[in-house]
Amino acid sequence: VDINLVTSLTAFFKSLVQPDKGVDFADDKLSLHPKLAKIFVFSYVWSLGGNLEERFHAQFDEWARAHFADNIKELEKVPPADEGAMLYDFYVVTNDIDFPKGRFEHWEKAVKPFQYSDGEV
């Protein structure tokens, strides 16, 4: 089971570090490293933490932030769980020229809220 989680992590990471996703390995390392670090955190949260029951998400969020805090300063900009947000609530934008190091963006910016319709189209 553990090797499946690691395989998922690496496959997820690899799928996101593509040129069409805004990742260019020829970029200077001052931009590339922070971008890759954010993608790694996103991949980590969803490949390993995505397997957890929802009731454990806040604990995992707290642990992941503490684990990655020294290397990824932008995690400080992601509101903590006690303010109603977790790492699960954010994705990484890697193709914004105004943010060459990438940035965390709330899913609400990419996914519109679901509106149920009871049969009327």
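Helix axes here are lines fitted to C-alpha atoms over the stretch in contact, and angles run from 0 to 180 degrees between N-to-C directions. This is a predicted model, in which local features need pLDDT of at least 70 and side-chain atom pairs count only at pLDDT 80 or more, while totals for chains, interfaces and linings use all residues. Residues are numbered from 1 along each chain as its sequence is written, and side-chain values use heavy atoms, with hydrogens and water left out.

Let's start with two helices. Helices (H or I, at least four residues) and strands (E, at least two) are DSSP runs, numbered from the N terminus. Helix α1 (residues 2–16) packs against α2 at an angle of about 140°, their axes lying 9 Å apart. The two are therefore oblique to each other, the class left over once angles under 35 degrees (roughly parallel), over 145 (roughly antiparallel) and 65 to 115 (roughly perpendicular) are taken out. On the α1 side, the contact (heavy atoms within 4.5 Å) is made by Leu5, Ser8, Leu9, Phe12, Phe13 and Leu16. From α2 come residues including Leu36, Ile39, Phe40, Tyr44 and Trp46.

Now follow α2 itself. Its 19 residues (29–47) should span 27 Å at 1.5 Å a residue, and the end C-alpha atoms are 25 Å apart, which agrees; the expected span is 1.5 Å times one less than the number of residues. Of those 19 residues, 14 are buried, where buried means under 20% relative accessible area, exposed over 50% and partly exposed in between (1.4 Å probe, protein chains only). Ser31, in this helix, is buried at 11%. Leaving aside neighbours within four places in sequence, Ser31 is in contact with Pro100 and Lys101.

Rings of Phe, Tyr and Trp (its six-membered ring) pair if their centres lie within 6.5 Å; planes under 30 degrees apart count as stacked, over 60 as edge-to-face and the rest as tilted. The whole structure holds 12 such pairs. One of them joins Phe40 and Tyr44, tilted, at 5.9 Å centre to centre with 40° between the planes. Both sit in α2, 4 residues apart, about one turn of the helix. Phe40 is partly exposed at 31% relative accessible area, whereas Tyr44 is buried at 13%.

Tyr91 and Trp107 form another tilted pair, 4.9 Å centre to centre and 35° between the planes. Tyr91 lies in strand β1 (residues 90–93) and Trp107 in the segment after β2 (103–106), so this pair ties together parts 16 residues apart in sequence.
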